[in-house]
Amino acid sequence: MTERMGLIAGDGKLPIIFAREAKRRGIEVIGIGHIGETDISLEGEVQRLHWVRIGEAGKIIEILLKEKVNKAIMLGKIIKTRMFEKIYFDELGLRIFTMIKDRKDDSILKAMASEMEKRGIYMQNCLEYLEDFIVPSGCLTKRKPTIEEMEDVTFGWSMAKEIGRLDIGQSVVVKAKTVVAVESIEGTDEAIRRGGILSNGGCCVIKVSKPQQDWRFDVPAVGAETVKVMAEVGARVLALEAGKTIMIDKDETVRIADQNEISIIGINGDVEW
């Protein structure tokens, strides 16, 4: 029998990339997109695409059960500030939202995964399907970081890990061993934009996995848009955790970095490189 996988999709290219990769492996993908978030072109990449509104957790599970799916994957961002707008909760969505102790990403996603598992649907580790997109160790660009920039990366690494442990974000912007911006609800690109302006350029961006990272969801990812934002504000280095970060459109991302003399490095394990 053909393997079947549910894809619960948010914003961005990552759901489309996964759908294409799964298709290449002979996996039949049943997509669930979020209205106003998910790229409608995903419809051309999956067997069927169903639509839900943010907060309709029960409907997501109902679709997966009707489609006889027992494995699913979550990919793509849902803009966190949506929680401050009107959310169309169904009964299960409201129960999850009110029973969790806080509104951290991990709390929301793990509660949803738990409800799915009760019904025989198990979330999968996306890295197992996206090996070709994982950031390798070493320098990916023509330009290498200077000694001073690597000192900033070393300084910022532990800071990024700590905000990850607290489930605040996964990125920090550093200049002259000073944290000038911390990623929070606004996302990586906006944190870079703010940090670049505050530092007057020349800053380093460090993005890592959380120490308690659940690889079933919220995996760190970057792409060409992130490097374009760095170029806008004069950022010089993008340091990523090798083996634990996904890079979308790698060739294009590196090309833009080279054009703007930005260094991209993958760091594996400790920060020494």
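Biologist: Is Asp 167 buried or exposed?

Modeller: Asp 167 has 11% relative accessibility, so it counts as buried. Buried means under 20% relative accessible area, and exposed means over 50%, with partly exposed in between (1.4 Å probe, protein chains only). Keep in mind that this is a predicted model: local features need pLDDT of at least 70, side-chain atom pairs count only at pLDDT 80 or more, and totals for chains, interfaces and linings use all residues. Residues are numbered from 1 along each chain as its sequence is written, and side-chain values use heavy atoms, leaving out hydrogens and water.

Biologist: OK, and where does Asp 167 lie?

Modeller: Asp 167 is in the loop between α5 (147-165) and β7 (171-175). Its phi is near 60°, a positive value in a residue other than glycine. Helices (H or I, at least four residues) and strands (E, at least two) are DSSP runs, numbered from the N terminus.

Biologist: What about Glu 261, what is its phi?

Modeller: Phi of Glu 261 is near 55°, again a positive value in a residue other than glycine. Glu 261 sits in the loop between α8 (250-259) and β13.

Biologist: Switching topic: how many helices and strands are there in the protein?

Modeller: Eight helices and 13 strands. Six of the strands form an open sheet with mixed pairing, in the order β6-β13-β11-β9-β7-β8. Two strands pair if DSSP finds at least two bridges between them.

Biologist: Which strands stand at the edges there?

Modeller: β6 (138-139) and β8 (178-182). Each has a single partner strand, so one side of each is left without a neighbour in the sheet. Further in, β11 (residues 237-241) and β13 (residues 263-267) run parallel, joined by five bridges. Leu 238 stands opposite Ile 264 in β13.

Biologist: And what order does the open sheet of five strands have?

Modeller: That order is β3-β2-β1-β4-β5, with parallel pairing. The edges are β3 (48-52) and β5 (122-123), each with a single partner strand, so one side of each lacks a neighbour in the sheet. Five bridges join β2 (residues 28-34) to β3, and His 34 stands opposite Val 52 in β3.

Biologist: Last one, how much of the whole protein is buried?

Modeller: Of the 273 residues, 52% count as buried. Residues 24 or more positions apart account for 73% of the contacts with a separation of 6 or more, where contact means heavy atoms within 4.5 Å. The C-alpha atoms fill a box of roughly 55 × 40 × 30 Å, taken along the principal axes.
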